[in-house]
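Have a look at the model below before reading on.

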Amino acid sequence: MTTPITRRAHLAALMAGAALGAGLRPAAAQTVPWSAGTERPTFAVPPGATDCHHHIYDARFPAASGATLRPPDASVADYRLLMRRLGLSRHVVVQPSTYGVDNSLLVQSLEEFGPTARGIAMLDASVTPEELKRLDGAGIRGVRFGTRLPGGAPFTDLVPVARKIADLGWHIQLVSDGDKIVDLADTLKGLPVPVVFDHMAHLPEPAGPDHPGFTVIADLIEKHGAWVKLTGAYILSKVGPPTYADRSRLARAYVQRAPERLVWGSDWPHPTAPADAKPDDAVLLDLLADWAPDEAVRNRILVANPAKLYGF
């Protein structure tokens with residue numbers, strides 16, 4: 001059986017040959033900071049394709065007290081190279097734990113990116129209506145809370161913040177382990193806004209969709225309008241690149257259960273991965289073609305769903 005790398009190379013050669021036969025030049029390889037590889041995805045990325053999860057880092061902005069994740073700079077210009085390489089049209093900048101509830105870099109980044117971008121902030125319960133209005137005008141569409149890393153607002157502020165953002169049509173984005181999601185089930189069901197789960201909800205392997213958190217999330221999707229990000233396949237994978245095969249069972253289960261409630265994201269610049277072991281973002285995007293082989297479903301995940309969730 002040929003390996004996924006061989007399949008990628010074979011498909012790339014076929015596409016290049018077809019392009020040359022039609023008198024076209026094949027797309028040039030593109031090096032992108034904090035991303036392995038240089039090639040484009042092996043499938044036709046549709047117009048309007050959206051990366052729903054990436055970060056920007058800049059050492060000129062102070063890290064939050066207690067923040068432990070402090071990666072090197074990853075700029076707006078760097079990310080634009082990734083967009084070009086992957087064929088992306090739109091994207092969502094997510095506030096990292098590094099900067100806590102100071103969203104200055106996030107807002108500046110959204111201004112630089114312009115109308116192709118939306119943002120997810122971190123806020124605590126002290127946020128004022130005036131600040132929320134300002135952030136909404138800047139393109140913010142949700143608030144991130146986490147239980148995995150220090151930084152950001154205390155988790156006790158989750159419910160008060162959710163109440164404050166409800167009238168804006170925003171959502172809560174949650175980065176949390178599967179076991180914690182089970183513990184939080186009643187709280188999440190009682191929120192006045194939808195919940196968007198980071199990184200396939202961090203359901204662990206080998207349980208994957210057999211973990212009780214999957215049932216909680218499925219119920220939240222069906223009855224409370226929740227969403228799941230098909231991101232971070234590399235984070236909990238024990239198999240590793242290029243297939244991350246152990247995460248595929250969970251991803252396919254989400255696709256089978258609720259394709260209308262899924263979005264995809266790169267997680268660039270992959271802040272939890274070592275500097276010398278960054279994943280190949282084209283491979284991560286190619287995984288979606290494996291998880292959602294039906295083109296219409298895949299395009300929905302890449303285009304229509306993000307447009308609905310983030311208001312593009």
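1. Two strands pair if DSSP finds at least two bridges between them. Strands (E, at least two residues) and helices (H or I, at least four) are DSSP runs, numbered from the N terminus. Here, eight strands make an open sheet in the order 1-2-3-4-5-6-7-8, with parallel pairing. Strand 1 and strand 8 (262–264) are at the edges with a single partner strand each, so one side of each has no neighbour in the sheet.

2. Before going further, please note that this is a predicted model: local features need pLDDT of at least 70 and side-chain atom pairs count only at pLDDT 80 or more, while totals for chains, interfaces and linings use all residues. Residues are numbered from 1 along each chain as its sequence is written, and side-chain values use heavy atoms, with hydrogens and water left out.

3. How confident is the predictor? pLDDT is its confidence in each residue, from 0 to 100. The chain has a mean pLDDT of 90, and 90% of its residues reach 70 or more. Do treat residues 1–27 with care: pLDDT stays under 50 there.

4. Back to the sheet: strand 6 (residues 195–197) and strand 7 (residues 227–230) pair in the parallel sense over two bridges. Val196 has Trp227 in strand 7 as its bridge partner. Helix 10 (residues 245–257) packs on the sheet and touches strand 7 and strand 8 (contact means heavy atoms within 4.5 Å).

5. Now for the aromatic rings. Rings of Phe, Tyr and Trp (its six-membered ring) pair if their centres lie within 6.5 Å; planes under 30 degrees apart count as stacked, over 60 as edge-to-face and the rest as tilted. By this rule there are six aromatic pairs. One of them, Tyr57 with Tyr99, is tilted, at 6.2 Å centre to centre and 40 degrees between the planes. These two tyrosines are 42 residues apart, so the pair links distant parts of the chain. Both Tyr57 and Tyr99 are buried (under 20% relative accessible area; exposed is over 50% and partly exposed in between, with a 1.4 Å probe and protein chains only).

6. Is the pair of Phe145 and Phe155 stacked or edge-to-face? Their ring centres are 6.3 Å apart with the planes at 90 degrees, so the pair is edge-to-face. Phe145 is buried, with a relative accessible area of 1%, whereas Phe155 is partly exposed at 23%.

7. Finally, Tyr79, Phe113 and Trp268 form one aromatic cluster.

Methods:
pLDDT is the predictor's confidence in each residue, from 0 to 100. Axes are lines fitted to C-alpha atoms, for helices over the stretch in contact, and angles run from 0 to 180 degrees between N-to-C directions.
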